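Welcome to a short tour of one protein structure. Keep the sequence and the 3D view at hand as you read.

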Amino acid sequence: MEQVVVVGNGIWDESRVRQHVGAEFEVAAIKADANAVHIIGEKRPVMVLAQLDGEKQGVQAVADALCEFAHSKSMAIIALVTNLGIAACEKMVNSGIQVFTPPHQISMIEKVFDLQFEQQLELSEERRRRHILIVDDDLVALRSMRSLLQDYYRISIVASSVDALKLLDKQSVDLILLDYVMPVCNGKVFLNILRDHEKYKAIPVIFLTGVNDTDLVLDCVRHGANGYILKSTSKNDLLGRLNDVFAKDE
């Protein structure tokens, strides 16, 4: 179930948010402390409504973390702030967060919340239609990557380039996450096959790589890959990179 998270105490509470999002969405209320960052990262809500009092301990760290989440463009964030410095507010605004300073006008906040929520719904539905193929001979890595992405995209996984070609013959995909080091047909060879094939040459390809493979993968980027992602990349950064690739494709 998609989620909306309310951070901190203030004029907005769970019941008010539920009136706006309906029964199809789970609403969670959490404290504006250091643990809020971890919870938001785990839940990956479609929206966050944060009520931040700069005089309370740990709130500045929460504000900084919300800026990082906003950069990923995978969630909409509205912040109702009090006692927070101009520099902190400007940082949030520049990150794409909708910031309200006192006096907080309920009617205006409600209008912005409803608009942001509708936009996020449309984005969420669009992401679910995106089909990502993950190619990796490491089954543990395959399942781990699928677990990170399956709430946001339609995911198919295969363990070899041969199986990938079989799937591509039957289904269309919007992006391929490709392991570089694979037996029989490694990532570079498979990339060349894709780029030489009229049907597949336009599919964006991002390499999945370990730290020791980056020099090899950078060579592939020079020969037609759309980038690379370290297998150790955080969920937040991974979603942000995928959003960026799809945005360039639009």
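Predicted model: local features only at pLDDT ≥ 70, side-chain atom pairs only at ≥ 80, totals over all residues.

Residues are numbered from 1 along each chain as its sequence is written, and side-chain values use heavy atoms, with hydrogens and water left out.

A salt bridge here is a side-chain nitrogen of Lys or Arg within 4 Å of a carboxyl oxygen of Asp or Glu. The closest N and O atoms of D136 and K231 are 3.0 Å apart. This pair links distant parts of the chain, 95 residues apart: D136 is in the loop between β6 (131-135) and α6 (139-149), and K231 is in the loop between β10 (228-230) and α10 (235-249). Helices (H or I, at least four residues) and strands (E, at least two) are DSSP runs, numbered from the N terminus.

D179 and K231 meet in a salt bridge too, at 3.2 Å from N to O. Here the partners are 52 residues apart, with D179 in strand β8 (residues 175-179).

## A salt bridge within a helix

The whole structure has 6 salt bridges. One of them pairs E14 with R18, whose closest N and O atoms are 3.3 Å apart. E14 is partly exposed at 30%, and R18 is partly exposed at 41%.

## Strand β3 and its neighbours

Is β3 mostly enclosed or open? What we find is that 6 of the 7 residues of β3 are buried, so the rest of the structure largely encloses this strand. Two strands pair if DSSP finds at least two bridges between them. Strand β1 (residues 3-7) pairs with β3 in the parallel sense over 4 bridges, and V6 has L49 of β3 as its bridge partner. β3 and β4 also run parallel, joined by 7 bridges, with L52 partnered by V81 in β4.

## The largest pocket

The largest pocket has a volume of about 330 Å³. A pocket is an open set of points on a 1 Å grid over the protein atoms alone, where a 1.4 Å probe fits, with protein on both sides within 12 Å along at least five of seven lines; lining residues have an atom within 4 Å of a point. Grid points are joined across faces, edges and corners, and the volume is the space filled by probe spheres set on them.

Of the 21 lining residues, G8, N9, G10, Q51 and K56 lie nearest the centre. β3 gives the most to the lining, with 3 residues.

## Backbone details

The peptide bond from P102 to P103 is cis, with omega near 0°. P103 sits in the loop between β5 (98-100) and α5 (106-129).

How values were computed
Buried < 20%, exposed > 50% of the residue type's maximum accessible area, 1.4 Å probe, protein only.
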